[in-house]
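Colleague: I have the chain open on my screen and would like to go through it with you, if you have a moment. Could you start once the picture is up?

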Amino acid sequence: MAEELDIRPVTHLTTDAIGQPGKRIFYIQGWHESRTVTLIVEKIQIQSLAVGLEQFLAEIQQKYPDLAEASSEYEEEKMRISPPVDPMFRVGELGLGYDEDNDLVVLVIKEQIGEEEDAENMRIVRFWCSRSQVRAMCHWGMEVAARGRPICPQCGEPMDPEGHFCPKKNGHKE
Ligand SMILES: [Zn+2]
């Protein structure tokens, strides 16, 4: 039987990247009081979630015009991932749902499984959060994703942590 975990409600939701520039690992972390659930995610998955969420929230707003607009504001120091960083699994699929009666967005996260693995054992985590919690996480996630590697002041290309073959310096390693 597959493991399914509902965090309802999420008291804090965030994403963050840890590691050297160019080799960062991204995480999603949901809190329920003092308990945390941490998952490994790809940068691109956070970016597409952020795009998909805006569309999703716009549709909710259209259907329920009386709802207050979700806030995207966050405090950076509260968005940093908290230890223990002990990921439950690597994210395969991210989906969005909406509980109209409670005005809660559910972030449905399915485990990434290999072709040989049994799909019935795929674990699922559902983070039930406010529209503002998930929107703030996505805005912060876009900011984290954009930070990435430092830009070379000579040529404007991103620099790798191992060094950079700058075309403006005839390929000499800086
Ligand atoms: Zn350069």
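Colleague: What is the strand order in the open sheet of four strands, and what sort of pairing does that sheet have?

Modeller: Bearing in mind that this is a predicted model, the order is E1-E7-E6-E5, and the pairing is mixed. The edges are formed by strand E1, residues 4–7, and strand E5, residues 91–99, each of which pairs on one side only. Neighbouring strands of this sheet are turned against each other by 15 degrees on average, with direction ignored.

Colleague: How many bridges join E1 to E7, and how do the two run?

Modeller: Four bridges join E1 to strand E7, residues 124–129, and the two run parallel. Within that pairing, Ile 7 stands opposite Phe 127 in E7.

Colleague: Which helix lies across E5 and E6?

Modeller: That is helix H1, residues 43–63, which lies across E5 and strand E6, residues 104–111, and runs at about 15 degrees to E5.

Colleague: Staying with E6, is Val 106 buried or exposed?

Modeller: Val 106, which has its place in strand E6, counts as buried because its relative accessibility is 7%, where the cut-off for buried is under 20%. Leaving aside neighbours within four places in sequence, Val 106 is in contact with Gly 95, Leu 96, Gly 97, Tyr 98, Arg 126, Phe 127 and Trp 128.

Colleague: Changing topic, how much space lies in the largest pocket, and which element gives the most to its lining?

Modeller: The largest pocket holds about 160 Å³ of space, and H3 gives the most to its lining, with three residues. Strand E2, residues 12–18, helix H2, residues 76–79, and helix H3, residues 131–147, are the elements that give two or more residues to the lining. By class, the lining has four nonpolar, five polar and three charged residues, and His 12, Glu 73 and Lys 78 are among them.

Colleague: What does His 12 stand opposite?

Modeller: His 12 stands opposite Trp 31 in E3, and seven bridges join E2 to strand E3, residues 25–32, in an antiparallel run.

Conventions
Residues are numbered from 1 along each chain as its sequence is written. This is a predicted model: local features need pLDDT of at least 70, side-chain atom pairs count only at pLDDT 80 or more; totals for chains, interfaces and linings use all residues. Side-chain values use heavy atoms; hydrogens and water are left out. Two strands pair if DSSP finds at least two bridges between them. Axes are lines fitted to C-alpha atoms, for helices over the stretch in contact, and angles run from 0 to 180 degrees between N-to-C directions. Contact means heavy atoms within 4.5 Å. Buried means under 20% relative accessible area, exposed over 50%, partly exposed in between (1.4 Å probe, protein chains only). On a 1 Å grid over the protein atoms alone, a cavity is a set of points where a 1.4 Å probe fits but cannot get out, and a pocket is an open set with protein on both sides within 12 Å along at least five of seven lines; lining residues have an atom within 4 Å of a point. Grid points are joined across faces, edges and corners, and a volume is the space filled by probe spheres set on the points. Ala, Val, Leu, Ile, Met, Phe, Trp, Tyr, Cys and Pro count as nonpolar, Asp, Glu, Lys and Arg as charged, and the others, Gly among them, as polar.
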